Amino acid sequence: VRLDRKVCGYIEEFCSENSDVKFVEDIVYDYILTECEKKSKPIDIGSVEAGTNIYIFNRDLIKIHEIKNVPEYISSLFEYKEEDMFFRGQSDSNYLLQPSIVREIRWRKNEKLMFDELERLCPKEFYNLNTILDKLVEMQHYNLPTRLLDVSSNALVALLFACQNCETDGEVLIFKDRRDRDPYTGVKETNIRYGHSDSVSLLTGISQMNYRDQLLLYYIARFFMKLITEKIPITSWFNAEDNIDKWDSEIRQICKKIYGDEEYPEADYSITQLYALKEAYKKADGRWVLENKIKNFNSIDVVRRLYRQVQREKPYFESRIVPEDVVNVLFVKPSMLNQRIVKQSGAFIIVGAMSEDNSDIVKALNSYRFSRNGIRPVFIIPAECKKIIQDELSLCDLHAGAIYPEIEKVAAHIKGTVK
(Lines give C-alpha, C1' and ligand atoms only; values in the text may rest on other atoms or scores of the structure.)
Protein backbone atom coordinates (compact mmCIF):
# COMPACT_ATOMS: atom_id res chain seq x y z
CA VAL A 1 0.00 0.00 0.00
CA ARG A 2 1.47 3.36 -1.02
CA LEU A 3 0.44 6.43 0.95
CA ASP A 4 1.07 9.52 -1.19
CA ARG A 5 2.46 12.33 0.92
CA LYS A 6 0.83 14.95 -1.35
CA VAL A 7 -2.60 13.42 -0.81
CA CYS A 8 -1.86 12.78 2.87
CA GLY A 9 -0.91 16.45 3.24
CA TYR A 10 -4.32 17.57 2.04
CA ILE A 11 -6.03 15.08 4.35
CA GLU A 12 -3.84 16.08 7.30
CA GLU A 13 -4.76 19.73 6.74
CA PHE A 14 -8.43 18.73 6.63
CA CYS A 15 -8.02 16.65 9.79
CA SER A 16 -6.47 19.57 11.69
CA GLU A 17 -9.66 21.54 11.05
CA ASN A 18 -11.89 18.53 11.83
CA SER A 19 -10.53 16.85 14.95
CA ASP A 20 -13.03 14.02 14.83
CA VAL A 21 -11.52 12.72 11.54
CA LYS A 22 -8.54 10.36 11.77
CA PHE A 23 -5.46 10.81 9.57
CA VAL A 24 -5.43 8.42 6.60
CA GLU A 25 -2.24 6.69 7.74
CA ASP A 26 -3.88 5.79 11.05
CA ILE A 27 -6.95 4.49 9.20
CA VAL A 28 -4.84 2.24 6.95
CA TYR A 29 -2.76 0.95 9.87
CA ASP A 30 -5.86 0.27 11.96
CA TYR A 31 -7.55 -1.58 9.09
CA ILE A 32 -4.49 -3.70 8.29
CA LEU A 33 -3.82 -4.56 11.94
CA THR A 34 -7.49 -5.48 12.45
CA GLU A 35 -7.35 -7.79 9.43
CA CYS A 36 -4.09 -9.31 10.67
CA GLU A 37 -5.63 -10.11 14.05
CA LYS A 38 -8.20 -12.27 12.23
CA LYS A 39 -5.42 -14.49 10.85
CA SER A 40 -4.32 -17.62 12.68
CA LYS A 41 -0.68 -16.72 12.03
CA PRO A 42 0.55 -13.28 13.20
CA ILE A 43 1.57 -10.97 10.33
CA ASP A 44 4.60 -8.71 10.65
CA ILE A 45 3.50 -5.35 9.24
CA GLY A 46 6.24 -2.88 8.39
CA SER A 47 6.49 0.55 6.81
CA VAL A 48 9.29 2.28 4.96
CA GLU A 49 9.75 5.73 3.50
CA ALA A 50 10.74 5.73 -0.17
CA GLY A 51 11.25 9.21 -1.54
CA THR A 52 8.36 11.33 -0.36
CA ASN A 53 5.91 8.45 0.18
CA ILE A 54 5.28 5.80 2.82
CA TYR A 55 4.85 2.10 1.96
CA ILE A 56 3.04 -0.29 4.27
CA PHE A 57 3.78 -3.98 3.60
CA ASN A 58 3.89 -7.50 5.02
CA ARG A 59 7.47 -8.28 6.04
CA ASP A 60 6.78 -12.02 5.73
CA LEU A 61 6.04 -11.64 1.99
CA ILE A 62 7.73 -8.49 0.67
CA LYS A 63 11.16 -6.87 0.72
CA ILE A 64 11.29 -3.29 -0.58
CA HIS A 65 14.38 -1.87 -2.26
CA GLU A 66 14.44 1.90 -2.75
CA ILE A 67 16.31 2.62 -6.00
CA LYS A 68 17.91 6.04 -6.48
CA ASN A 69 20.34 5.28 -9.32
CA VAL A 70 21.32 2.56 -11.82
CA PRO A 71 24.36 1.16 -9.90
CA GLU A 72 22.16 0.73 -6.82
CA TYR A 73 19.56 -1.10 -8.94
CA ILE A 74 22.10 -3.49 -10.48
CA SER A 75 23.66 -4.19 -7.10
CA SER A 76 20.26 -5.02 -5.60
CA LEU A 77 19.40 -7.26 -8.57
CA PHE A 78 22.52 -9.37 -8.05
CA GLU A 79 21.01 -10.58 -4.77
CA TYR A 80 18.42 -12.46 -6.85
CA LYS A 81 20.27 -13.49 -10.01
CA GLU A 82 18.82 -16.70 -11.53
CA GLU A 83 17.99 -18.10 -14.97
CA ASP A 84 14.68 -17.59 -16.82
CA MET A 85 13.78 -14.35 -15.08
CA PHE A 86 11.49 -11.69 -16.52
CA PHE A 87 11.05 -8.10 -15.40
CA ARG A 88 8.15 -5.67 -15.52
CA GLY A 89 8.50 -1.93 -14.98
CA GLN A 90 5.39 0.00 -13.92
CA SER A 91 5.48 3.80 -13.98
CA ASP A 92 3.06 3.91 -11.02
CA SER A 93 3.77 1.65 -8.04
CA ASN A 94 0.07 1.50 -7.24
CA TYR A 95 -0.87 -0.10 -10.56
CA LEU A 96 -2.59 -3.45 -10.19
CA LEU A 97 -0.83 -6.41 -11.76
CA GLN A 98 -3.31 -7.32 -14.49
CA PRO A 99 -3.60 -7.28 -18.30
CA SER A 100 -5.27 -4.24 -19.83
CA ILE A 101 -8.35 -6.16 -21.02
CA VAL A 102 -9.63 -6.56 -17.46
CA ARG A 103 -9.09 -2.95 -16.36
CA GLU A 104 -12.55 -1.98 -17.57
CA ILE A 105 -15.51 -4.32 -17.72
CA ARG A 106 -16.68 -2.83 -21.05
CA TRP A 107 -13.36 -3.83 -22.60
CA ARG A 108 -13.55 -7.35 -21.28
CA LYS A 109 -17.12 -7.82 -22.46
CA ASN A 110 -16.17 -6.62 -25.95
CA GLU A 111 -12.74 -8.27 -26.38
CA LYS A 112 -13.72 -10.10 -29.58
CA LEU A 113 -15.50 -7.04 -31.02
CA MET A 114 -12.46 -4.77 -30.50
CA PHE A 115 -10.17 -7.39 -32.07
CA ASP A 116 -12.40 -7.76 -35.16
CA GLU A 117 -12.94 -4.03 -35.60
CA LEU A 118 -9.25 -3.13 -35.49
CA GLU A 119 -8.42 -5.92 -37.94
CA ARG A 120 -11.26 -4.77 -40.24
CA LEU A 121 -10.37 -1.07 -40.16
CA CYS A 122 -6.58 -1.53 -40.45
CA PRO A 123 -6.22 -4.62 -42.69
CA LYS A 124 -2.72 -3.74 -43.96
CA GLU A 125 -1.32 -3.90 -40.44
CA PHE A 126 -2.47 -7.51 -40.00
CA TYR A 127 -2.36 -8.90 -43.53
CA ASN A 128 0.91 -10.82 -43.10
CA LEU A 129 0.26 -11.97 -39.52
CA ASN A 130 -0.75 -15.63 -39.42
CA THR A 131 -1.50 -16.31 -35.76
CA ILE A 132 -3.84 -14.74 -33.22
CA LEU A 133 -0.83 -14.20 -30.93
CA ASP A 134 0.99 -12.12 -33.57
CA LYS A 135 -2.17 -10.07 -34.07
CA LEU A 136 -2.62 -9.56 -30.32
CA VAL A 137 1.00 -8.44 -30.04
CA GLU A 138 0.44 -5.89 -32.82
CA MET A 139 -2.77 -4.71 -31.16
CA GLN A 140 -0.97 -4.37 -27.83
CA HIS A 141 1.59 -2.28 -29.70
CA TYR A 142 -1.21 0.12 -30.70
CA ASN A 143 -2.63 0.23 -27.15
CA LEU A 144 -5.74 -1.87 -27.78
CA PRO A 145 -6.65 -3.69 -24.53
CA THR A 146 -5.58 -7.36 -24.71
CA ARG A 147 -5.02 -10.34 -22.42
CA LEU A 148 -1.24 -9.89 -22.75
CA LEU A 149 0.95 -8.42 -20.01
CA ASP A 150 4.28 -6.95 -21.15
CA VAL A 151 7.49 -8.20 -19.55
CA SER A 152 11.14 -8.07 -20.61
CA SER A 153 14.16 -10.31 -20.22
CA ASN A 154 16.23 -7.11 -19.86
CA ALA A 155 16.15 -5.67 -16.34
CA LEU A 156 17.35 -2.25 -17.53
CA VAL A 157 14.50 -1.97 -20.04
CA ALA A 158 12.06 -2.65 -17.19
CA LEU A 159 13.77 0.07 -15.15
CA LEU A 160 13.33 2.53 -18.03
CA PHE A 161 9.61 1.74 -18.20
CA ALA A 162 9.34 2.27 -14.44
CA CYS A 163 10.96 5.69 -14.83
CA GLN A 164 8.28 7.05 -17.16
CA ASN A 165 5.96 9.68 -15.65
CA CYS A 166 8.09 11.61 -13.18
CA GLU A 167 5.03 12.68 -11.15
CA THR A 168 4.69 9.41 -9.22
CA ASP A 169 6.78 6.54 -7.84
CA GLY A 170 7.45 3.58 -10.15
CA GLU A 171 8.31 -0.04 -9.45
CA VAL A 172 10.06 -3.05 -11.01
CA LEU A 173 8.76 -6.56 -10.36
CA ILE A 174 10.56 -9.85 -11.07
CA PHE A 175 8.86 -12.94 -12.50
CA LYS A 176 10.16 -16.49 -12.61
CA ASP A 177 9.13 -19.70 -14.36
CA ARG A 178 7.23 -21.74 -11.75
CA ARG A 179 7.62 -25.25 -13.28
CA ASP A 180 4.25 -26.71 -12.29
CA ARG A 181 3.75 -30.46 -11.96
CA ASP A 182 1.54 -31.94 -14.68
CA PRO A 183 -1.60 -33.31 -12.91
CA TYR A 184 -1.62 -36.41 -15.16
CA THR A 185 2.03 -37.33 -15.74
CA GLY A 186 3.47 -35.95 -12.50
CA VAL A 187 6.34 -34.40 -14.51
CA LYS A 188 7.35 -30.82 -13.77
CA GLU A 189 6.89 -28.66 -16.87
CA THR A 190 8.10 -25.18 -17.72
CA ASN A 191 5.51 -22.42 -18.08
CA ILE A 192 7.60 -20.69 -20.76
CA ARG A 193 6.31 -21.24 -24.29
CA TYR A 194 7.21 -20.04 -27.77
CA GLY A 195 4.72 -18.37 -30.06
CA HIS A 196 4.04 -21.53 -32.11
CA SER A 197 3.06 -23.57 -29.02
CA ASP A 198 -0.34 -25.31 -29.00
CA SER A 199 -0.82 -24.13 -25.41
CA VAL A 200 -0.43 -20.53 -26.55
CA SER A 201 -2.88 -21.03 -29.43
CA LEU A 202 -5.38 -22.42 -26.92
CA LEU A 203 -5.20 -19.32 -24.71
CA THR A 204 -5.24 -16.85 -27.61
CA GLY A 205 -8.24 -18.74 -29.02
CA ILE A 206 -10.19 -17.80 -25.89
CA SER A 207 -9.91 -14.15 -26.93
CA GLN A 208 -12.01 -15.02 -30.00
CA MET A 209 -14.97 -16.19 -27.91
CA ASN A 210 -17.76 -13.92 -26.71
CA TYR A 211 -17.79 -12.86 -23.06
CA ARG A 212 -20.53 -15.29 -21.96
CA ASP A 213 -18.75 -18.22 -23.61
CA GLN A 214 -15.51 -17.23 -21.89
CA LEU A 215 -17.22 -17.29 -18.48
CA LEU A 216 -18.96 -20.57 -19.27
CA LEU A 217 -15.65 -22.12 -20.34
CA TYR A 218 -13.96 -20.94 -17.15
CA TYR A 219 -16.60 -22.29 -14.75
CA ILE A 220 -16.99 -25.61 -16.56
CA ALA A 221 -13.20 -26.08 -16.53
CA ARG A 222 -13.23 -25.41 -12.77
CA PHE A 223 -16.14 -27.84 -12.41
CA PHE A 224 -14.13 -30.67 -14.00
CA MET A 225 -11.03 -29.76 -11.98
CA LYS A 226 -13.05 -30.19 -8.78
CA LEU A 227 -14.19 -33.66 -9.82
CA ILE A 228 -10.75 -35.20 -9.24
CA THR A 229 -9.60 -33.29 -6.19
CA GLU A 230 -8.67 -35.54 -3.29
CA LYS A 231 -10.37 -33.14 -0.87
CA ILE A 232 -13.79 -33.85 -2.43
CA PRO A 233 -14.18 -37.56 -3.34
CA ILE A 234 -16.64 -38.21 -6.17
CA THR A 235 -18.99 -40.12 -3.84
CA SER A 236 -19.63 -36.97 -1.81
CA TRP A 237 -21.15 -35.26 -4.85
CA PHE A 238 -24.19 -37.53 -4.57
CA ASN A 239 -24.49 -37.91 -0.80
CA ALA A 240 -28.21 -38.31 -0.08
CA GLU A 241 -27.84 -38.29 3.71
CA ASP A 242 -27.74 -34.49 3.97
CA ASN A 243 -30.18 -34.00 1.09
CA ILE A 244 -27.63 -31.95 -0.79
CA ASP A 245 -26.83 -32.88 -4.37
CA LYS A 246 -23.48 -31.19 -4.96
CA TRP A 247 -23.59 -31.91 -8.72
CA ASP A 248 -26.83 -29.96 -9.27
CA SER A 249 -25.78 -27.30 -6.78
CA GLU A 250 -22.52 -26.61 -8.65
CA ILE A 251 -24.36 -26.32 -11.98
CA ARG A 252 -26.90 -23.92 -10.47
CA GLN A 253 -24.00 -21.79 -9.20
CA ILE A 254 -22.50 -21.70 -12.70
CA CYS A 255 -25.85 -20.59 -14.15
CA LYS A 256 -26.23 -17.88 -11.51
CA LYS A 257 -22.78 -16.45 -12.20
CA ILE A 258 -23.32 -16.40 -15.96
CA TYR A 259 -27.02 -15.64 -16.31
CA GLY A 260 -27.58 -13.75 -13.05
CA ASP A 261 -30.95 -14.02 -11.37
CA GLU A 262 -32.92 -14.76 -14.55
CA GLU A 263 -35.69 -17.17 -13.53
CA TYR A 264 -35.69 -19.05 -16.84
CA PRO A 265 -32.37 -18.32 -18.53
CA GLU A 266 -31.79 -19.52 -22.07
CA ALA A 267 -28.96 -21.72 -20.88
CA ASP A 268 -26.26 -22.89 -23.25
CA TYR A 269 -26.44 -26.51 -24.43
CA SER A 270 -23.26 -27.07 -22.41
CA ILE A 271 -25.34 -26.83 -19.21
CA THR A 272 -27.72 -29.51 -20.49
CA GLN A 273 -24.70 -31.73 -21.20
CA LEU A 274 -23.42 -31.33 -17.63
CA TYR A 275 -26.75 -32.50 -16.24
CA ALA A 276 -26.71 -35.44 -18.68
CA LEU A 277 -23.28 -36.59 -17.42
CA LYS A 278 -24.58 -36.91 -13.88
CA GLU A 279 -25.81 -40.52 -14.13
CA ALA A 280 -22.47 -41.74 -15.49
CA TYR A 281 -20.56 -40.10 -12.63
CA LYS A 282 -22.97 -41.51 -10.03
CA LYS A 283 -21.81 -45.02 -10.96
CA ALA A 284 -18.13 -44.06 -11.27
CA ASP A 285 -15.16 -44.54 -9.01
CA GLY A 286 -12.19 -42.18 -8.71
CA ARG A 287 -10.15 -44.02 -11.33
CA TRP A 288 -12.90 -43.82 -13.95
CA VAL A 289 -13.32 -40.09 -13.25
CA LEU A 290 -9.60 -39.47 -13.82
CA GLU A 291 -9.35 -41.64 -16.94
CA ASN A 292 -12.41 -40.05 -18.60
CA LYS A 293 -11.89 -36.47 -17.49
CA ILE A 294 -10.40 -35.17 -20.75
CA LYS A 295 -12.87 -37.07 -22.95
CA ASN A 296 -15.89 -35.82 -21.01
CA PHE A 297 -14.58 -32.27 -20.79
CA ASN A 298 -14.01 -32.17 -24.56
CA SER A 299 -17.53 -33.44 -25.21
CA ILE A 300 -18.99 -30.22 -23.75
CA ASP A 301 -20.23 -27.84 -26.45
CA VAL A 302 -18.42 -24.67 -25.28
CA VAL A 303 -15.13 -26.61 -25.17
CA ARG A 304 -15.75 -27.86 -28.71
CA ARG A 305 -16.29 -24.26 -29.82
CA LEU A 306 -12.85 -23.39 -28.47
CA TYR A 307 -11.42 -26.49 -30.17
CA ARG A 308 -12.84 -25.40 -33.54
CA GLN A 309 -11.43 -21.91 -33.02
CA VAL A 310 -7.91 -23.28 -32.45
CA GLN A 311 -8.31 -25.59 -35.46
CA ARG A 312 -8.72 -22.56 -37.74
CA GLU A 313 -5.12 -21.70 -36.91
CA LYS A 314 -3.84 -25.28 -36.50
CA PRO A 315 -5.84 -27.86 -38.50
CA TYR A 316 -3.92 -30.71 -36.86
CA PHE A 317 -5.00 -29.65 -33.33
CA GLU A 318 -6.65 -32.57 -31.50
CA SER A 319 -9.71 -32.45 -29.28
CA ARG A 320 -7.79 -33.27 -26.10
CA ILE A 321 -8.04 -29.99 -24.21
CA VAL A 322 -7.13 -30.27 -20.53
CA PRO A 323 -9.29 -28.22 -18.08
CA GLU A 324 -6.21 -26.92 -16.25
CA ASP A 325 -4.77 -25.55 -19.53
CA VAL A 326 -7.89 -23.45 -20.17
CA VAL A 327 -7.36 -21.41 -16.97
CA ASN A 328 -3.57 -21.36 -17.22
CA VAL A 329 -1.16 -18.43 -17.28
CA LEU A 330 1.95 -18.70 -19.48
CA PHE A 331 5.10 -16.80 -20.33
CA VAL A 332 5.37 -16.38 -24.11
CA LYS A 333 8.47 -15.66 -26.16
CA PRO A 334 6.96 -14.32 -29.41
CA SER A 335 8.52 -14.26 -32.85
CA MET A 336 10.60 -11.14 -33.50
CA LEU A 337 8.36 -9.78 -36.27
CA ASN A 338 7.72 -6.59 -34.31
CA GLN A 339 10.75 -4.29 -34.05
CA ARG A 340 9.48 -2.92 -30.75
CA ILE A 341 9.75 -6.43 -29.23
CA VAL A 342 13.30 -6.71 -30.57
CA LYS A 343 14.34 -3.36 -29.09
CA GLN A 344 12.70 -4.07 -25.73
CA SER A 345 13.83 -7.72 -25.37
CA GLY A 346 10.11 -8.21 -25.07
CA ALA A 347 8.06 -11.17 -23.91
CA PHE A 348 4.53 -11.53 -22.59
CA ILE A 349 2.46 -13.19 -19.94
CA ILE A 350 -0.80 -14.44 -21.42
CA VAL A 351 -3.83 -15.30 -19.31
CA GLY A 352 -6.53 -17.85 -20.08
CA ALA A 353 -10.21 -17.99 -19.11
CA MET A 354 -11.09 -15.84 -16.11
CA SER A 355 -13.81 -15.50 -13.48
CA GLU A 356 -16.11 -12.50 -13.70
CA ASP A 357 -14.28 -10.59 -10.93
CA ASN A 358 -10.74 -11.38 -12.26
CA SER A 359 -9.56 -12.32 -8.74
CA ASP A 360 -8.14 -15.65 -9.92
CA ILE A 361 -5.95 -13.90 -12.52
CA VAL A 362 -4.47 -11.45 -10.00
CA LYS A 363 -3.65 -14.41 -7.75
CA ALA A 364 -2.18 -16.44 -10.65
CA LEU A 365 -0.01 -13.56 -11.86
CA ASN A 366 1.31 -12.94 -8.35
CA SER A 367 2.14 -16.64 -8.03
CA TYR A 368 4.65 -16.13 -10.87
CA ARG A 369 6.42 -13.37 -8.96
CA PHE A 370 9.97 -14.32 -8.07
CA SER A 371 10.55 -15.00 -4.39
CA ARG A 372 13.49 -16.02 -2.22
CA ASN A 373 12.53 -17.95 0.92
CA GLY A 374 8.94 -16.88 0.34
CA ILE A 375 9.78 -13.17 0.19
CA ARG A 376 9.21 -11.21 -3.04
CA PRO A 377 11.48 -8.27 -3.86
CA VAL A 378 9.92 -5.00 -5.02
CA PHE A 379 12.11 -2.24 -6.44
CA ILE A 380 10.59 1.20 -5.75
CA ILE A 381 11.79 4.13 -7.86
CA PRO A 382 10.91 7.45 -6.14
CA ALA A 383 9.47 10.08 -8.48
CA GLU A 384 12.26 12.55 -7.68
CA CYS A 385 14.93 10.00 -8.76
CA LYS A 386 13.44 9.13 -12.15
CA LYS A 387 15.12 11.91 -14.15
CA ILE A 388 18.54 11.00 -12.71
CA ILE A 389 18.05 7.34 -13.64
CA GLN A 390 16.83 8.28 -17.14
CA ASP A 391 20.05 10.26 -17.69
CA GLU A 392 22.17 7.33 -16.47
CA LEU A 393 20.34 4.87 -18.74
CA SER A 394 20.91 7.22 -21.71
CA LEU A 395 24.64 6.62 -21.25
CA CYS A 396 23.87 2.96 -22.01
CA ASP A 397 21.87 4.05 -25.09
CA LEU A 398 18.63 3.17 -23.33
CA HIS A 399 16.00 5.84 -23.91
CA ALA A 400 12.58 6.23 -25.52
CA GLY A 401 14.10 6.59 -28.99
CA ALA A 402 15.93 3.27 -28.56
CA ILE A 403 13.08 1.09 -27.24
CA TYR A 404 10.37 2.65 -29.44
CA PRO A 405 11.65 2.31 -33.02
CA GLU A 406 8.76 4.22 -34.64
CA ILE A 407 10.01 7.39 -36.32
CA GLU A 408 7.72 9.71 -34.34
CA LYS A 409 9.13 8.32 -31.06
CA VAL A 410 12.72 8.72 -32.25
CA ALA A 411 11.95 12.26 -33.44
CA ALA A 412 10.40 13.13 -30.07
CA HIS A 413 13.52 11.84 -28.30
CA ILE A 414 15.84 13.89 -30.53
CA LYS A 415 13.69 16.99 -29.99
CA GLY A 416 13.88 16.52 -26.23
CA THR A 417 17.65 16.09 -26.10
CA VAL A 418 18.77 19.20 -28.00
CA LYS A 419 19.76 22.22 -25.85
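Reader: What should I know before reading the values?

Author: This is a predicted model, in which local features need pLDDT of at least 70, side-chain atom pairs count only at pLDDT 80 or more, and totals for chains, interfaces and linings use all residues. Residues are numbered from 1 along each chain as its sequence is written, and side-chain values use heavy atoms, with hydrogens and water left out.

Reader: How is a pair of aromatic rings described, and how many aromatic pairs does the structure hold?

Author: A pair is described by the distance of the ring centres and the angle of the planes. Rings of Phe, Tyr and Trp (its six-membered ring) pair if their centres lie within 6.5 Å. Planes under 30 degrees apart count as stacked, over 60 as edge-to-face, and the rest as tilted. The structure holds 15 aromatic pairs. One of them joins Trp237 and Trp247, edge-to-face, at 6.0 Å centre to centre and 65° between the planes.

Reader: Which parts does the pair of Trp237 and Trp247 tie together?

Author: Trp237 lies in the loop between α10 (211-227) and α11 (246-259), and Trp247 lies in helix α11, so the pair ties together parts ten residues apart in sequence. Helices (H or I, at least four residues) and strands (E, at least two) are DSSP runs, numbered from the N terminus.

Reader: Are Trp237 and Trp247 buried or exposed?

Author: Start with the cut-offs. Buried means under 20% relative accessible area, exposed over 50%, and partly exposed in between (1.4 Å probe, protein chains only). Trp237 is buried, at 0%. Trp247 is buried, also with 0%.

Reader: What about Phe331 and Tyr368?

Author: Their ring centres are 5.2 Å apart and their planes stand at 90°, so this pair is edge-to-face. Phe331 lies in strand β11 (residues 329-333), and Tyr368 in the loop between α18 (359-367) and β13 (376-381), so the pair ties together parts 37 residues apart in sequence. Phe331 and Tyr368 are both buried.

Reader: Which residues form the aromatic cluster?

Author: Phe223, Phe224, Trp237, Trp247, Tyr281, Trp288 and Phe297 form one cluster. The charged end of Lys246 sits over the Trp237 ring, 5.1 Å from its centre. The test is NZ of Lys or CZ of Arg within 6 Å of the ring centre and within 35 degrees of the ring normal.

Reader: How many salt bridges does the structure hold?

Author: First, the criterion: a side-chain nitrogen of Lys or Arg within 4 Å of a carboxyl oxygen of Asp or Glu. The structure holds 20 salt bridges. In one of them, Glu82 meets Lys176 at 3.6 Å, N to O. This pair links distant parts of the chain. Glu82 is in the loop between α3 (70-77) and β5 (85-90), Lys176 is in strand β7 (residues 170-176), and they are 94 residues apart. Glu82 is partly exposed, with a relative accessible area of 35%.

Reader: Where do Arg305 and Asp268 lie?

Author: Arg305 is in helix α15 (residues 301-313), and Asp268 is in the loop between α11 and α12 (269-282), 37 residues apart. Their side chains meet in a salt bridge at 2.8 Å, N to O. Arg305 is partly exposed at 21%. Asp268 is buried at 16%.

Reader: How far apart are Glu291 and Arg287 in helix α13?

Author: Four residues, about one turn of the helix (residues 286-291). Elsewhere, salt bridges that share partners join Asp213, Asp268, Asp301 and Arg305 into one network.

Reader: How should I read a nonpolar core?

Author: In soluble globular proteins, nonpolar side chains tend to be buried together. Here a core is a set of buried Ala, Val, Leu, Ile, Met, Phe, Trp, Tyr and Cys residues joined through side-chain atoms within 4.5 Å. The largest has 85 residues, of which Phe224 and Val326 touch the most other members. The largest share, twelve residues, comes from α10. A second, separate core of 25 residues includes Ile67, Met85, Leu159 and Leu398.

Reader: How many residues of helix α9 are buried?

Author: Seven of the nine in α9 (residues 198-206). Among them are Val200, Leu202 and Ile206.
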